[in-house]
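Here are a few quick notes to go with the structure below. Have a look at it first, then read on.

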Amino acid sequence: MLSNAVAAALAGQAAVVVADATVALTDVLASLRTVSPDDAVIVLILPDVPAINRAMLLAALGPLAIELAPRRIAAIDVTTNAATERVIAAGQYLASACSITGQSLRVT
């Protein structure tokens, strides 16, 4: 499963919050707010997330980064046929880039 592979690859570098079709948008936001302020957070937006929820998550990313600072927040917007290795590489980049917060990468 993609979310497990990403979480394992980023263990110790960043917390991973998964957004998929089974998780309410409010639960994703609540999960972001519970992560330690010392951690980086990667929001993994899986392909089955409805378009309106995807758009709202991506639009909220910047304001959330401001609200939850000094915690760094970034998102990976995953498309249907994205290779696991590419998603992991994007996550590792975002987790290690100390000056990046409130940004997203779309992985195809």
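**Notes for a first look**

1. Start with burial: 43% of the protein's 108 residues count as buried. Keep in mind as you read that this is a predicted model.

2. As for the overall layout, you'll find four helices and four strands. Follow the chain from the N terminus and the elements come in the order α-β-α-β-α-β-α-β.

3. How does the radius of gyration fit a compact globule? For 108 residues, such a globule would come out near 13 Å, and the protein has 12 Å, so the two agree.

4. Contacts next. Take the ones between residues at least 6 apart in sequence: 72% of these join residues at least 24 apart.

5. Strand β3, residues 72–78, is worth a stop, with seven of its seven residues buried. Which residues lie on each face? Arg72, Ala74, Ile76 and Val78 are on one side, Ile73, Ala75 and Asp77 are on the other, and both faces are covered.

6. Now for the neighbour of β3. Strand β2 (residues 40–45) runs parallel to β3, and six bridges join the two. Asp77, one of the buried residues of β3, has Ile45 standing opposite.

7. The accessible surface is about 5500 Å², and carbon and sulfur atoms account for 57% of that. The protein carries 6 positive and 8 negative charges, and the mean positions of the two sets are 6 Å apart.

Methods
Residues numbered from 1 in each chain as written. Predicted model: local features only at pLDDT ≥ 70, side-chain atom pairs only at ≥ 80, totals over all residues. Heavy atoms only, no water. Rg over C-alpha atoms; globule rule 2.2 N^0.38 Å. Buried < 20%, exposed > 50% of the residue type's maximum accessible area, 1.4 Å probe, protein only. Contact = heavy atoms within 4.5 Å. Areas by Shrake-Rupley, 256 points an atom, 1.4 Å probe, with all protein chains shown as cover. Lys, Arg positive; Asp, Glu negative; His and termini not counted. Charge placed at Lys NZ, Arg CZ, Asp CG, Glu CD. Pairing = 2+ DSSP bridges.
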